[in-house]
Amino acid sequence: MTAQASTPRVPDFDDITYEVDQATAVITINRPERHNAFRGQTVEELIKAFRLAWADRTVQAVILTGAGEKAFCTGGDVKQRAETGDYGPTESGMFEIGNLHKLIRDIPKPVIAAVNGIAVGGGHVLHVLCDLTIASSTARFGQAGPRVGSFDAGFGSAYLARVVGEKRAREIWYLCRQYDAATAERWGLANAVVEPGQLMAEAKAWAAEIAEKSPTALRFLKQSFNADTDHQAGLSNLAMSALDLFAVSDEGMEGAHAFAEKRKPDFASHVQTH
C-alpha cells in the first residue's frame with residue numbers, strides 16, 4: 001500500500017472551504033453569490049481538496065456541500081461563460097471538470113453529497129457521482145444543459161441512467177425540469193431527506209458510521225461498484241471534447257448569452273446544418 005501523509009498542508013482556497021472534523025473531510029463550494037456555480041478555479045480547488053482528503057489517513061469519508069441555504073451547486077458559471085466565452089483562467093490552462101468527476105469516483109473513500117438547496121446542471125452531476133446523497137427537504141434537483149447551451153454526455157447522462165433508469169434520465173435531460181427532494185428520494189437520487197437544520201448533522205452521522213468500518217474493505221467495495229461503469233470514463237472524455245467545441249459555437253453561446261440577459265434563447269436560428 002502506498003505511504004500516505006497523515007497531515008497534508010491545506011492551501012489557501014478562494015472558491016471553496018476545506019476542513020477535517022474527526023474522521024470526515026468537509027468540502028464546501030463557497031460561492032453563494034453565484035449560487036455556488038463553479039468556474040475553472042473552483043474546479044481546480046475542488047480537485048486539490050479531494051486529493052487532500054485522499055492523502056489524509058485520518059479521513060475515512062468526505063462530505064461535499066454548498067455554502068448557504070439556497071444552492072448546493074448550479075453547475076458551470078454561465079455568467080462567466082457569457083462574459084469571457086469560457087469558465088475563467090486556471091493554473092493548468094484547462095477546465096478540468098472531467099478530472100473532478102473521475103476523482104470523486106476514484107478517491108478510495110465514500111463521498112457523501114449534502115444537498116442543501118438547488119442541485120442543477122453540473123451541480124446535479126456532482127451529487128449523482130457521489131456515493132451517497134443526503135438532501136434537505138428544500139433541495140431541488142435537475143438538469144439545465146440544453147436550456148443554456150451545454151450538456152454532459154458522459155457520466156452526467158450515462159451514469160445517471162444507471163441510477164434512475166433510462167426513461168427518467170431522458171426526462172431529466174430532455175425537459176430540464178426541477179424535482180423536489182421527495183421525488184429525488186423516490187427515484188433513487190437521494191438516500192435520505194431531512195429538514196434543513198439537520199442536514200449537516202445527518203451527513204456527519206452517516207460519515208461517522210462509515211468511519212467505524214474497515215477502510216480497506218470500503219476501498220475495495222467502492223472500486224467494485226465503479227468497475228461496472230468504468231467504461232463510461234471513455235464516454236466522458238468524448239463528451240468533454242465535444243463540449244469544448246460546442247460551448248464556443250453560435251448555438252452554445254446563444255444559451256449562455258440568453259441566460260445572462262434573462263431572456264428566452266433562440267437556438268433554432270443558430271443551429272448549423274450539415
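Reader: Which residue of β10 does S136 stand opposite?
Author: S136 faces V194 there. The model is predicted: local features need pLDDT of at least 70, side-chain atom pairs count only at pLDDT 80 or more, and totals for chains, interfaces and linings use all residues. Residues are numbered from 1 along each chain as its sequence is written, and side-chain values use heavy atoms, with hydrogens and water left out.

Reader: What makes β7 and β10 a pair?
Author: Pairing needs at least two DSSP bridges between two strands. β7 and β10 (residues 192–194) have 3, in the parallel sense. They therefore qualify. Strands are DSSP runs of E, at least two residues, and helices are runs of H or I, at least four, numbered from the N terminus.

Reader: How do you know that β5 and β7 pair?
Author: There are 4 bridges between β5 (residues 111–115) and β7, again in the parallel sense.

Reader: Why is S136 called buried?
Author: The relative accessible area of S136 is 1%. Buried means under 20%, exposed over 50%, partly exposed in between (1.4 Å probe, protein chains only). S136 is therefore buried. Its strand, β7 (residues 132–136), is mostly covered, with 4 of its 5 residues buried.

Reader: What makes the link between S136 and T138 a polar contact?
Author: Their side chains come to 2.8 Å. The limit is 3.5 Å between N or O atoms; within protein one must be able to donate a hydrogen and the other to accept it, and residues adjacent in sequence count only through side-chain atoms on both sides.

Reader: Which residues does S136 contact, leaving aside its neighbours within four places in sequence?
Author: They are V115, N116, A181, V193, V194, P196 and L199. Contact means heavy atoms within 4.5 Å.

Reader: How many aromatic pairs does the whole structure hold?
Author: The search finds 3. In one of them, Y87 and F95 have ring centres 4.5 Å apart and planes at 25 degrees. Rings of Phe, Tyr and Trp (its six-membered ring) pair within 6.5 Å between centres; under 30 degrees is stacked, over 60 edge-to-face, the rest tilted. So Y87 and F95 are stacked. Ring pairs also link F38, Y87 and F95 into a cluster.

Reader: Are Y87 and F95 buried or partly exposed?
Author: Y87 is at 15%, hence buried. F95 is at 31%, hence partly exposed.

Reader: What puts the charged end of R105 over the ring of Y159?
Author: It sits 5.7 Å from the ring centre. The test is NZ of Lys or CZ of Arg within 6 Å of the centre and within 35 degrees of the ring normal. R219 sits over F220 as well, at 5.0 Å.

Reader: Why do β4 and β9 count as edges?
Author: The order of the open sheet is β4-β6-β8-β9, with mixed pairing. β4 (71–73) and β9 (178–180) each have a single partner strand, so one side of each lacks a neighbour in the sheet. Between β8 (residues 140–142) and β9 there are 3 bridges, and the two run antiparallel. There G142 is opposite Q178 of β9.

Reader: Why is R177 called partly exposed?
Author: R177 has a relative accessible area of 46%, so it is partly exposed. R177 lies in the loop between α7 (166–175) and β9. Not counting residues up to four places away in sequence, R177 touches F141, G142, Q143, E171 and I172.
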